[in-house]
Amino acid sequence: TNITVIIGQLVIGVVIDNFGWFNSLVIPLDWKRSVALLFMIIALYFIYKGNKRSNEETNSQHF
């Protein structure tokens, strides 16, 4: 859950930077930032899958 919040904050930060909202410096979304966001989303997916598998293994051992 904590990782999801952090990634969400980073994504919103990139969007705010890209459009210059709140009188911030405009930092356009380039390929480096896009790849970084993609890797964060992929990491979140693997963390979710790992936790789901761990929970399934724990539940199957109790029955």
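Which helix is Phe46 found in? Phe46 sits in helix 2, residues 31-61. A helix here is a DSSP run of H or I with at least four residues, a strand is a run of E with at least two, and both are numbered from the N terminus.

A quick word on the source, everyone: this is a predicted model, where local features need pLDDT of at least 70, side-chain atom pairs count only at pLDDT 80 or more, and totals for chains, interfaces and linings use all residues. Residues are numbered from 1 along each chain as its sequence is written, and side-chain values use heavy atoms, with hydrogens and water left out.

The protein has 2 helices and 0 strands. Let's take helix 1, residues 2-19. Ile7, Val14, Ile16 and Asp17 are buried in helix 1. Buried means under 20% relative accessible area, exposed over 50%, and partly exposed in between, using a 1.4 Å probe and protein chains only. Of the 63 residues in the protein, 10% are buried. Just after helix 1, Gly20 has a positive phi of about 70 degrees.

Now back to Phe46. With 55% relative accessibility, Phe46 counts as exposed.

And the record? An unreviewed UniProt entry lists residues 31-48 as "transmembrane region", in the numbering used here, though such annotations may be inferred rather than shown by experiment. In the model, that stretch is 100% helix and 0% strand, with its end C-alpha atoms 26 Å apart. Thanks, all!
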